[in-house]
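I opened my notebook to work through this structure one spot at a time. Here is what I looked up, in the order I looked.

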Amino acid sequence: MKTVLIATDKPFASNAIHKIGKVFRKAGYTLKLLEKYKSKQELLGAVKGADAMIVRSDIIDADVISAAKNLKIVVRAGAGYDNINLEAASQKGIVVMNTPGQNANAVAELAVGLAIYGIREFFSGKIGGELRGRTLGLHGFGFVARNVFRIARALGMKVIVYTRFSKDAAAAIGLKVVHSLEQLYEKSDVISIHVPAKGEHIKSVSYEVLKHLKDGSILVNTARKEVINEPDLVRVMEEKPGIKYISDVAPDCMDLFSEKFAGRFFFTPKKAGAQTEEANLNAGVAAAGQIVDFFEDGITTYKVN
Ligand code: 3PG
């Protein structure tokens with residue numbers, strides 16, 4: 001009998017746990033829950049007997065991998081797997097998967113909500129603006145960006161995109177593809193970032209790109225703080241006093257923002273993009289299904305290592 005551990009610092013909605021439980025009961029697996037844990041020690045203890053694991057943004061480093069003696073598979077219920085040490089997992093022959101697209105609508109709705117919050121001057125009562133007629137620049141064109149596009153179009157925004165690998169997909173739905181990031185930043189009133197925190201994307205939103213932002217534009221980041229070159233962002237916000245930065249989780253230099261840019265930023269206190277019942281349900285049940293498919297039929301779709 002297989003034992004599956006759900007280890008989530010940020011627990012899934014109870015409805016999602018209920019449905020995930022059903023998937024594992026049907027397969028004859030045992031489900032263990034470790035939620036809102038306070039220390040890494042608790043996680044190290046809990047993984048010991050697990051054959052499989054479902055996590056969210058929980059840090060699965062080499063210590064966790066090494067403590068997990070029976071572990072065969074980790075599924076990150078979500079898109080970004082920058083929290084998992086893929087090398088350590090691969091060394092032990094552990095399969096790592098994500099559940100791409102399952103929480104994309106939730107993150108997209110947050111991105112648009114944050115853009116509205118920003119353009120309305122954070123609901124402070126000050127006169128703001130409207131999104132209709134303004135240009136939205138999508139930095140990247142994965143599942144989240146595609147949902148943002150759908151919503152933005154309905155709001156009457158002009159949408160442009162910079163993507164290297166999905167140009168045809170974007171053009172096929174009538175989306176204007178620009179040829180450089182510089183162009184994207186220069187032409188947009190709102191930029192929404194949708195690239196993963198890996199490889200060349202780390203700190204890629206740098207001065208070279210940011211200097212092209214229009215003064216008065218809004219930068220919305222529901223991706224990862226690691227894709228931003230923070231000192232460069234601070235420099236550009238000093239140079240162009242109309243720029244606002246809104247992000248799902250605070251940058252490392254949060255104190256500088258409070259000191260220098262009052263009224264020009266907002267950061268969620270805890271990553272909120274996928275914090276909906278629907279996203280929990282979609283990503284959690286997909287993760288459970290992927291684990292059962294892996295053990296029963298050797299299916300490794302969505303393997304990332
Ligand atoms: C993701 O990468 O899927 C999102 O950032 C959601 O992360 P969370 O599951 O920690 O909310």
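Entry: I started with L155, in the loop between α6 (143–154) and β7 (158–162). I kept in mind that this is a predicted model. Is L155 buried or exposed, or in between? Its relative accessible area is 33%. Buried would need under 20% and exposed over 50%, so L155 counts as partly exposed.

**Entry: a positive patch.** Next I looked up charge. K2, K48, K69, K72 and K92 form a positive surface patch. K72 sits in the loop between α3 (62–67) and β4 (73–76). Its relative accessibility is 39%, so I noted K72 as partly exposed.

**Entry: salt bridges.** Side chains of opposite charge can pair when their charged atoms come close. How many salt bridges does the count come to? I wrote down 13.

K40 is in helix α2 (residues 40–47) and D63 is in helix α3, so the pair links distant parts of the chain, 23 residues apart. I checked how open each partner is. K40 has 34% relative accessibility and counts as partly exposed. D63 is partly exposed too, at 43%.

The second pair was D82 with R224. Their side chains meet in a salt bridge, at 3.1 Å from N to O. Which parts does this pair tie together? D82 is in the loop between β4 and α4 (86–91), and R224 is in the loop between β10 and α10 (230–239). These parts are 142 residues apart in sequence, so the pair ties together separate stretches of the chain. D82 is partly exposed at 40% relative accessibility, whereas R224 is buried at 16%.

The closest N and O atoms are 3.0 Å apart. E208 has a relative accessible area of 45%, which puts E208 in the partly exposed class. K211 is partly exposed as well, with 33%. I then looked for salt bridges that share partners. Such bridges join K40, D61 and D63 into one network.

**Entry: S217.** S217 is in the loop between α9 (207–210) and β10 (218–221). Is S217 buried or exposed? S217 is buried, because its relative accessibility is 1%, and the cut-off for buried is under 20%. What does its side chain meet? A polar atom of the S217 side chain lies 2.7 Å from the backbone oxygen of K214.

**Entry: two positive phi values.** I looked up backbone angles next. K36 has a positive phi of about 50°, although K36 is not a glycine. I found K36 in the loop between β2 (30–35) and α2. At 54% relative accessibility, K36 counts as exposed, because the cut-off for exposed is over 50%.

Y302 also has a positive phi, of about 75°, and is not a glycine either. Y302 is found in the segment after α12 (277–297). I noted Y302 as partly exposed, with 42% relative accessibility.

**Entry: apart in sequence, and how far in space?** I ended with two pairs of positions. L181 lies in helix α8 (residues 181–187). L181 is buried, with a relative accessible area of 14%. How far is L181 from V205? The two are 24 residues apart in sequence and 9.1 Å apart in space, C-alpha to C-alpha.

A115 lies in helix α5 (residues 104–119). A115 is buried, at 6% relative accessible area.

Key:
Residues numbered from 1 in each chain as written. Predicted model: local features only at pLDDT ≥ 70, side-chain atom pairs only at ≥ 80, totals over all residues. Heavy atoms only, no water. Patch = residues over 30% accessible without salt bridge, like charges linked within 9 Å, V, L, I, M, F, W, Y side chains within 5 Å. Areas by Shrake-Rupley, 256 points an atom, 1.4 Å probe, with all protein chains shown as cover. Salt bridge = Lys/Arg side-chain N within 4 Å of Asp/Glu carboxyl O. Lys, Arg positive; Asp, Glu negative; His and termini not counted. Charge placed at Lys NZ, Arg CZ, Asp CG, Glu CD. Helix = DSSP H or I, 4+ residues; strand = E, 2+ residues; numbered from the N terminus. Buried < 20%, exposed > 50% of the residue type's maximum accessible area, 1.4 Å probe, protein only. Polar contact = N/O pair within 3.5 Å; in protein donor to acceptor, adjacent residues only side chain to side chain.
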